[in-house]
Amino acid sequence: MIAVVGGGPAGLSCAHALAKRGLDVELYEMDKLGGTCLNYGCRYVNALKEVADIIDNLNAITGKKHDLNDIISLDELHEKVYKIHKSMRENAKKTLEKKGIFVKFEEFKEDYEKKYDYVVYATGQNYSKNYLGIECATHKELPYLKKLPKKILIIGGGTVAAEYASIFSIFGSDVTVYARSKFLKKIKDDEVRDYIINDLSNFKITNNEEEMKKMLYNDEYFNILAIGGKKRYETNEYFQVSGKSKVYACGDSVRGGYTPIANREGRIVAENIFNEINNLPLKKMDYGVEVATIRMPINISVVGKQTNDFKTSYNRPGTGYYFKKAEKRGMNRIYYENGKAVGAVVMTNSTELAPYFAQYLKGIEVYKDFVEVYPTTDPFYWQF
């Protein structure tokens with residue numbers, strides 16, 4: 001019997017892969033199936049982003065400033081999101097049960113390890129709620145927020161901070177982001193980062209600690225802590241937990257990353273447990289080309305490396321920014337190294353274009369004469 005601890009992307013994919021190999025699995029989840037991604041993270045942010053996009057486009061079309069409360073209250077929006085997520089959790093549980101995976105909604109304690117042949121920890125990261133002595137909201141509190149705050153201070157300069165700031169600013173809050181170092185450090189290209197800050201950001205950004213403290217200790221501000229978490233486990237290259245036998249860990253509890261990576265790590269762990277049982281070689285994770293998405297007024301995809309050798313294009317009017325054609329609506333760059341494409345930053349519909357760039361970086365040379373990001377000039381587009 002194998003215990004999988006955590007019902008997020010890594011835990012679910014691991015449990016499914018173990019059951020597929022004929023192994024008996026019990027899944028422990030002390031909160032909600034789906035983990036951070038479904039309930040508090042990427043899918044929750046996607047839900048808010050869809051509403052923010054409606055408001056943003058409505059503002060552009062009418063020439064008037066609308067906010068969330070003109071359409072729906074934050075409480076009502078959260079109720080709708082909760083019902084959808086509840087349905088998804090129920091379907092996930094049914095799927096697990098059909099595969100013979102028993103779900104226990106309780107905390108897994110360390111002394112339970114001796115009851116199982118193997119244990120897999122997929123418990124996510126450990127997040128702090130306290131900043132300079134002040135209790136702040138984190139991703140776990142936001143879905144229960146009843147009213148839209150008038151003023152928001154977001155502490156953190158990464159992807160999550162940028163997404164929260166963009167969405168709540170469109171909703172109608174006065175948002176300030178405090179970035180302790182560089183805003184969006186993931187963007188190594190300073191020119192691209194400046195473009196994002198000056199042309200795409202719809203909120204204030206400060207690096208001034210004293211200014212931040214005034215807001216942090218001011219009751220008028222709703223404080224959100226978005227500085228990321230800490231991993232819980234040290235593992236070797238096969239995801240075996242250091243100092244323990246037959247104990248594995250994967251997902252954000254080992255390496256803060258993204259849902260697709262967590263899914264793949266969960267499957268690798270399942271394969272390694274099966275291989276260990278059958279005295280077969282263990283596998284390492286091949287992370288390949290990673291695609292990160294930052295959801296702001298226009299989505300930004302970051303793929304591969306950023307170098308000093310690049311080609312640049314700007315978006316023309318099209319889906320998502322047609323009525324904003326008078327504004328700059330996205331800088332796109334492909335980066336090269338020794339004549340080969342090694343990365344890209346794409347400021348357009350990420351879900352449509354990221355797969356193209358991922359294939360391009362793997363060596364498919366359809367973009368060697370790249371000029372612009374636009375469907376009618378996309379050579380892949382015409383091949384299908």
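Predicted model: local features only at pLDDT ≥ 70, side-chain atom pairs only at ≥ 80, totals over all residues.
1. Glu191 is partly exposed, with a relative accessible area of 45%.

2. A salt bridge also joins the side chains of Arg295 and Glu163 (2.8 Å, N to O). Here strand E12 (residues 291-295) supplies Arg295 and helix H5 supplies Glu163, 132 residues apart. Arg295 is buried at 13% relative accessible area, and Glu163 is buried at 3%.

3. The structure holds 22 salt bridges in total. One of them pairs Glu210 with Lys213, whose closest N and O atoms are 4.0 Å apart. These residues are separated by about one helical turn because they lie three residues apart in helix H7 (residues 209-216).

4. The largest nonpolar core has 48 residues, among which Ile154 and Phe171 touch the most other members. Helix H5 (residues 159-171) contributes the largest share of this core, eight residues. Beyond its neighbours within four places in sequence, Ile154 contacts residues including Ala161, Tyr164, Val177 and Ile224.

5. Helix H8 (residues 259-277) reaches 27 Å from its first C-alpha to its last, close to the expected 27 Å. Its buried residues, among them Ile261, Glu265 and Asn272, pack against strand E1, helix H1, strand E4 and strand E11. Asn279, with a positive phi near 55°, follows H8.

Key: Residues numbered from 1 in each chain as written. Heavy atoms only, no water. Core = buried A, V, L, I, M, F, W, Y, C linked by side-chain atoms within 4.5 Å. Buried < 20%, exposed > 50% of the residue type's maximum accessible area, 1.4 Å probe, protein only. Helix = DSSP H or I, 4+ residues; strand = E, 2+ residues; numbered from the N terminus. Contact = heavy atoms within 4.5 Å. Expected span 1.5 Å × (residues − 1).
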